[in-house]
Amino acid sequence: MTRILLLGGTTEATRLAHHLANTDYDVLFSYAGRTANPVAQPLPTRVGGFGGVDGLSDFLRTENITHVIDATHPFAAQMSTNAVSACATTQVNLAGFERAPWQAGAGDNWQSVADIQAACDALPSDPTQVFLAIGKQHIDVFATRPEHRYLLRLVDKPTHPLPMLNAHAVIARGPFDLAGDLTLLKDHDIKIIISKNAGGIGAQAKLEAARTLGLKVIMIDRPFIPARQVFSNVDDVMTWLDHSANRGV
Ligand code: NAP
């Protein structure tokens, strides 16, 4: 019998969850638990880590999971890497469900960097105003660059003081639009945006706004994830699922 574990935390995962909820498949949705009020899902849902590769392997066996669909954020490399290992160990079918990365187009002024530290290193030495659009994890790296003023956009109100003295957080949950992001960037006199190359449409407006205002974007490349099959649309995931489930694998 087919039983699916859907690793979520993205708009794509929610879209897939709504699709799967209208099928006969037995699906369990999983959240990391990063936000206080995650989007409600139309599927049975669990929250929290599994305990590394061993914990996930045990979970897959105990819960009789036959298929894992990894629809986590493209920067959730640890979870995706663990899923590759655990599924190989337990011989569970695995597919990634991932949106394409953003590409710079005409009028964009992007500098690509490998990781968050490199993004921090790429900031100029003269003080400036930075929209640090990377969520709340890893922002402490920027405490080493106190000469700049930082604007953050977070899903939840911070429970601890921000690691940078000169920082302001707006609390908002996407999707965001061009008009709103233009206003935000102008109101805070932003000169540089630091973004992860998440892809998708929910957080894309800031890039359009940067193009409109002629702002520089420091774009952090996606992290390495071990080889696995990856789909980018719901139909392809469903075809894979139907084929492998009907074959009893
Ligand atoms: P991660 O670094 O890959 O994961 C760290 C650990 O969190 C995993 O090893 C796993 O714990 C647990 N975990 C992650 N996703 C899970 C899921 N769907 N269900 C159950 N456990 C899960 O990923 P992250 O810490 O979530 O985020 C890394 C990057 O992705 C950050 O840059 C973050 O801003 C970005 N991001 C993540 C999300 C999200 O919802 N996860 C959303 C937007 C952005 P165990 O090892 O204990 O199993």
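The model is predicted, with local features requiring pLDDT of at least 70 and side-chain atom pairs counting only at pLDDT 80 or more, while totals for chains, interfaces and linings use all residues. Residues are numbered from 1 along each chain as its sequence is written, and side-chain values use heavy atoms, with hydrogens and water left out.

The shell around the ligand holds 22 residues, of which S30, R34, F50, M79 and K196 come nearest; a residue is near a molecule if one of its heavy atoms lies within 4 Å of it. By residue class, the shell divides into 7 nonpolar, 12 polar and 3 charged (Ala, Val, Leu, Ile, Met, Phe, Trp, Tyr, Cys and Pro count as nonpolar, Asp, Glu, Lys and Arg as charged, and the others, Gly among them, as polar). Polar backbone atoms face ligand oxygen atoms at 2.7 Å for F50 and at 3.4 Å for A77. For Q78, a backbone N or O atom lies 2.9 Å from an oxygen atom of the ligand. The ligand taken alone exposes 820 Å², and the protein buries 81% of that (Shrake-Rupley method, 1.4 Å probe). Two or more shell residues are given by each of β2 (26-31) and α3 (77-90), and α3 provides the largest share, 4 residues. Helices (H or I, at least four residues) and strands (E, at least two) are DSSP runs, numbered from the N terminus.

The largest nonpolar core comprises 20 residues, and L6, L16, L20, F29, I69, F97 and L241 have the most contacts inside it. Such a core is a set of buried Ala, Val, Leu, Ile, Met, Phe, Trp, Tyr and Cys residues joined through side-chain atoms within 4.5 Å. Elements giving two or more residues to this core are β1 (3-7), α1 (11-20), β2, β5 (93-97) and α7 (234-246), with the largest share, 5 residues, coming from α7. Residues up to four places away in sequence not counted, I69 touches I4, L5, L6, L7, L16, L20, A95, F97, V237, W240 and L241 (contact: heavy atoms within 4.5 Å). A second, separate core has 19 residues, including V113, L132, M164 and I194.

L185 is located in helix α5 (residues 178-187). Beyond neighbours within four places in sequence, L185 contacts F131, I190, I193, K206, A209, A210, L213 and L215.

Notes. Polar contact = N/O pair within 3.5 Å; in protein donor to acceptor, adjacent residues only side chain to side chain. Buried < 20%, exposed > 50% of the residue type's maximum accessible area, 1.4 Å probe, protein only.
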